[in-house]
Amino acid sequence: MWRRKKLEGSLKRPSFAELFQPELRRTTVVAALMVACSYAAAFGALQHIPRIIPGLPEVRALSPLRQEQIISTSHFYADFGQLAGRLAFAVLATRMIRPRRLLYVFLLPCLAVFPGVFFYAGQHNLALLRWGYLLATAVMTAQLSYWGNYLPRLYPLHLRGTGESFAANIGGRMIGNSAALVTTQLANVTPGDSPSAQLALAAGIVGVTAYLIALVVSRYLPSPRQDLTE
């Protein structure tokens, strides 16, 4: 469609300012906030798990080499979670589940998985933390796959790349990624019997808060455009 319009001379030029015109302003702001929440959960919570593992009661007494081996093995759970999340999204998306419902399929479980991972497993049990790491990574990765497929459908043809880039780069990589710093600063004041426990609690607070915000903001998420040739 883009190529046809380009050849016809009917393709409009993309405009950054057009993202904030009355027709698209809410779409742009809400999409950026939603993507920011997904990135905040990833960088503000999940990426800290390798730093949490050495403080677990069953790990802290081991040699540094053995601790590093356990952390390395734990990355396998995250990698498998990424694969599982992408496959789960692909299966459900091809079954024509409505976009908003598909989002909730991956958003709502986070409010159960993340507290269990960081408020309990991250402070008490390695095995539970590893399996929680897998589940949390799976639902987070599925959301990122969702945004890659959903965002371009919110905008007219000539603004698809511009709108998606704003949500992913400004919302996700600039705002969402800053949650990593929020977590480390919050860990300085959270209670806990060790720095690892403090970090786990801080990461859990940031992750759960991000998904609570996403749940509220999702009410204002517009439906995809019906006419994708515009």
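The axes of helix α5 and helix α7 (residues 126-150) approach within 9 Å of each other and cross at roughly 160°. The model described here is predicted. Its protein chain contains 10 helices and 0 strands, and the C-alpha trace spans about 70 × 35 × 30 Å along its principal axes.

**Helices α5 and α7**

- An angle over 145 degrees counts as roughly antiparallel, and α5 and α7 are therefore roughly antiparallel to each other.
- The crossing of these two helices, α5 and α7, is left-handed.
- On the α5 side, the residues that meet α7 are Pro99, Arg100, Leu102, Leu103, Phe106 and Leu107.
- Their counterparts in α7 are Val139, Ala142, Gln143, Tyr146, Trp147 and Tyr150.

**Helices α4 and α5**

- Helix α5 (residues 99-107) also pairs with α4: the two axes come within 11 Å and cross at roughly 150°.
- As a consequence of that angle, α4 and α5 are roughly antiparallel to each other.
- Here α4 passes α5 in a right-handed crossing, whereas the crossing of α5 and α7 is left-handed.
- From α4, the contact involves Ala88, Phe89, Leu92 and Ala93.
- From α5, the contact involves Leu102, Val105 and Phe106.

**Helices α2 and α10**

- Helix α2 (residues 25-44) and helix α10 (residues 195-217) have axes that come within 9 Å and cross at roughly 160°.
- The pair α2 and α10 is therefore roughly antiparallel.
- The crossing in which α2 passes α10 is left-handed.
- Val30, Leu33, Met34, Cys37, Ala40, Ala41 and Gly44 make the contact from α2.
- Ala203, Val206, Ala210, Tyr211, Ile213, Ala214 and Val217 make the contact from α10.

**Surface patch**

- Phe76, Phe80, Leu83 and Leu87 form a nonpolar patch on the surface.
- Together, Phe76, Phe80, Leu83 and Leu87 have about 420 Å² of accessible area.

Key
Residues numbered from 1 in each chain as written. Predicted model: local features only at pLDDT ≥ 70, side-chain atom pairs only at ≥ 80, totals over all residues. Heavy atoms only, no water. Patch = residues over 30% accessible without salt bridge, like charges linked within 9 Å, V, L, I, M, F, W, Y side chains within 5 Å. Areas by Shrake-Rupley, 256 points an atom, 1.4 Å probe, with all protein chains shown as cover. Salt bridge = Lys/Arg side-chain N within 4 Å of Asp/Glu carboxyl O. Axes fitted to C-alpha atoms, helices over the stretch in contact; angles between N-to-C directions. Helix = DSSP H or I, 4+ residues; strand = E, 2+ residues; numbered from the N terminus. Parallel < 35°, antiparallel > 145°, perpendicular 65-115°, else oblique. Left-handed = near helix turned anticlockwise from the far one by under 90°. Contact = heavy atoms within 4.5 Å.
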